Amino acid sequence: MLSPRIFWLCTHQTLRYEEVLMLIEAGAEVIPCLGDPFWLKYDGKYDNENDDLYPYWRKFCTLPTYITEKIRRIDFWTNKGKLSVEEADLVNRWIDVIFVSSNPDILENIISWFQGYIVFRVFGHGGYTTYTEVMNKMKVNINKIASADKYIWAPMLNNLENCEDPRIIKNKFYLNAFVSNKRLKFKWKGKNSKPFISTTISYLDGNPVVRHIFKEFSRKFENIPYIVLGKNSKEVVRSISDKVLGYLDDDHFYSKISESRIFVYFGVGSNYHLHYTPIEAITMGVPVMFLESSGLAQEARDFGVSNEELKRLGMCANPQEMKRQVEKNINDLYELQKLSENQHNIFSKIFSRETALSKTKNFLKKIQPYVKNLRINEYKEDIELDNISKNDCFRNNSMKMDLPTQPDERVNFSIENINAFTGKLLYDHKGKFIGRRVEEGTDSAGIFIGNYLGKMKAGEYLFSMELNSSNESKSSLGAFSIGIWKLQYKILNSRDVSNIKVGKNIIDLFVKISPENSDLLKEIRFVWNGINILDVLSITVEKLT
C-alpha cells in the first residue's frame, strides 16, 4: 500500500497526539499544521516540536522539508482556507487528504480548490447548535459540500448525524475517540486518594454557556469538597470561586484528577459532544460519575450497553442523583474500586485505539486508487525552488506565542502579522513586506495596531514600536498602550505619540506585569487620530526583569 499524505488541519493538543500517531501507524504520512492562534491562549508550546505531546511525524514523511514547511506556513486560519493559485497547486501536487476540524467555512473554501479527499473531522457542538445550523448562519453552501465526490463526514461520536442535514453526513467514516496509556503518567491513588471530587469546566472567563454549567454544578455540590480544572485564567476565576484552580500544566492537571476520590462529568448536558477528560480519568482508573445526557453515555448506548448497565457503571439521570451517588460512595473505597474496574472493562472496548486503527486502515485502503494516480504524476515536473525562502521554513514570531520569558531576552515582531482596523500593508515590487501605512485623508482614524498578547511572566517589559513619518509633527498623532481584559479593558500603561521627526522614530513603552495579571488576556494598541502619514514597521518586546 502506498502511504497517503495527510495534511492535518486541526488545533487540539490531545487530539493531535492521539490521532496523528494513530494515522501514521495505520500507514499514512501526516503533516500537522501550525496551530490557530485564536485557540492557543493557554497552549504557548503548541508548535514546539520538542514538547512531549508533539507527535514525532517527520521521520515517517518522505517529502523534503522545504516542501512540508512551505505547506505548513500557508495561513489557512486567517484566510479561512482561501488559497492563492500557487498555494493550491502546491497542496494539490503533494497532499492526498486534508483533515479539517469543525470549521464549516474553511471546509467550504478548501472544497472549491482541493482535488483530493477532504475529511470533515467533527466532535459535536452539544445541544445548543448543530453543524447544519452553523453552516446556515455562515451562509455556507451545503449543496457545494454535498456535490464534492471526495468529501468525507468523520464524526468522533457515532450519533452526531442524528440532528444534521443528510447532505453533510455522506461518506461516513466514524473514527471513535481513544486515549493512550503512554500519554497518561498517573494512576488513581485508590485508598491514598483524597475525599474530594474533581471535574473540568473550561473558558469560564468568557463563555456564558459554561458559566451556567458551573453555576449549576457549584449549587448542587456546594456541601461536597471539589475542585474545578480546565482552561481558565487564574486571575479571573478568583472572583468566581476559590475552588476553580485555573489553568495547570498537564502533569499537575492529571495529578489532581488522580488524587481525587471521584471524577464527575457534567459535559455540556448533551449526547452530542464529548470531552477527552472522562475517558482519560477512566483510563487512569479514577471512578467517574456521568450524566445520562452526555456523549459518554450515548456512545456506550450506541455500542449496545443498556441504560440499566450504565447505571451500574456510574450513570446518573440528573445532577441531583449524581450528588446522591457521590455522597453515598465517596468514602466507600471498596465500591469505588469495583466501579473503577467495571468502567475500565466496558469503556476500554468502546473508546478503543485498536478499533480506530482498524477503521483507519480500511479508509486508507479505499483511497488507494487516487493516491496511486497522484504518485504517477508527482515527479513528472521539476520542483520550482525559486520562490522558496527562509520565510517558507520558519514561521514569523507571534505575539500570542513568542513573547520573551527571560530577562534581557528580546523578540522582534513583524507588523505584517499584527492585527489592525485601519491602514494598508505595503510590499515592494518583489513582494517583500515593507510595513503598514495610514494616510491622512485616505484612511479613517482608529486602531492602527490592535493585537492580543499571550501569557506574560511577571516582570518589567519594554515595548518598542518602529515608526516612519513623512512629516515632522509636534502635536499628538495618537496613543500607544498596553492593557488587560478583566471583564472590561483596563490600560496598564499608555503614552502619547507626539514630537515625531521625519523618518525613523522609536516609540518606547514600559509595562510592569504583576503576578496577578500574568495570566490575564492582554492587548497592545496604537490608536491613530487620523493625522499625518505613518508607516509602522515592527514591534520589539524586551523582558527587563
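**Exposed residues and overall build of a predicted model**

Visitor: Is lysine 139 buried or exposed, by its relative accessible area?

Guide: In this predicted model, the relative accessible area of lysine 139 is 71%. The cut-off for an exposed residue is over 50%. Lysine 139 therefore counts as exposed.

Visitor: Which loop holds lysine 139?

Guide: Lysine 139 has a positive phi of about 60°, although it is not a glycine. Its place in the chain is given by two helices, α5 and α6. Lysine 139 lies in the loop between α5 (131-137) and α6 (142-147).

Visitor: What is the phi of aspartate 408?

Guide: Aspartate 408 is in the loop between α17 (390-393) and β11 (410-414). Its relative accessible area is 60%, so it is exposed. Aspartate 408 is a residue other than glycine, yet its phi is positive, near 75°.

Visitor: Which residues form a nonpolar patch on the surface?

Guide: One member, phenylalanine 38, sits in the loop between β2 (29-32) and α2 (65-72). Phenylalanine 38 has a relative accessible area of 57% and is therefore exposed. The patch has about 350 Å² of accessible area together, and its members are Phe38, Trp39 and Tyr203.

Visitor: How far apart are the centres of domain 1 and domain 3?

Guide: The domain assignment gives domain 1 as two segments, 5-177 + 353-377, with domain 2 at 181-351 and domain 3 at 386-543. Taken over C-alpha atoms, the centres of domain 1 and domain 3 are separated by 33 Å.

Visitor: What is the radius of gyration of the chain, and why does the chain count as compact?

Guide: The chain contains 17 helices and 20 strands. For 545 residues the globule rule gives 24 Å, and the value for the chain is close to this, so the chain is as compact as a globular protein of that length. Along its principal axes, the C-alpha trace spans about 80 × 60 × 40 Å. The radius of gyration is 26 Å.

Visitor: What share of the residues of the chain count as buried?

Guide: The chain exposes about 24900 Å², of which carbon and sulfur atoms supply 48%. A residue counts as buried when its relative accessible area is under 20%. Of the 545 residues, the buried share is 55%.

Visitor: What share of the contacts with a separation of 6 or more comes from residues 24 or more positions apart?

Guide: The count covers contacts in the chain with a separation of 6 or more. Among these, residues 24 or more positions apart account for 71%.

Notes. Residues numbered from 1 in each chain as written. Predicted model: local features only at pLDDT ≥ 70, side-chain atom pairs only at ≥ 80, totals over all residues. Heavy atoms only, no water. Patch = residues over 30% accessible without salt bridge, like charges linked within 9 Å, V, L, I, M, F, W, Y side chains within 5 Å. Areas by Shrake-Rupley, 256 points an atom, 1.4 Å probe, with all protein chains shown as cover. Salt bridge = Lys/Arg side-chain N within 4 Å of Asp/Glu carboxyl O. Helix = DSSP H or I, 4+ residues; strand = E, 2+ residues; numbered from the N terminus. Buried < 20%, exposed > 50% of the residue type's maximum accessible area, 1.4 Å probe, protein only. Domains from an automatic or database assignment. Rg over C-alpha atoms; globule rule 2.2 N^0.38 Å. Contact = heavy atoms within 4.5 Å.
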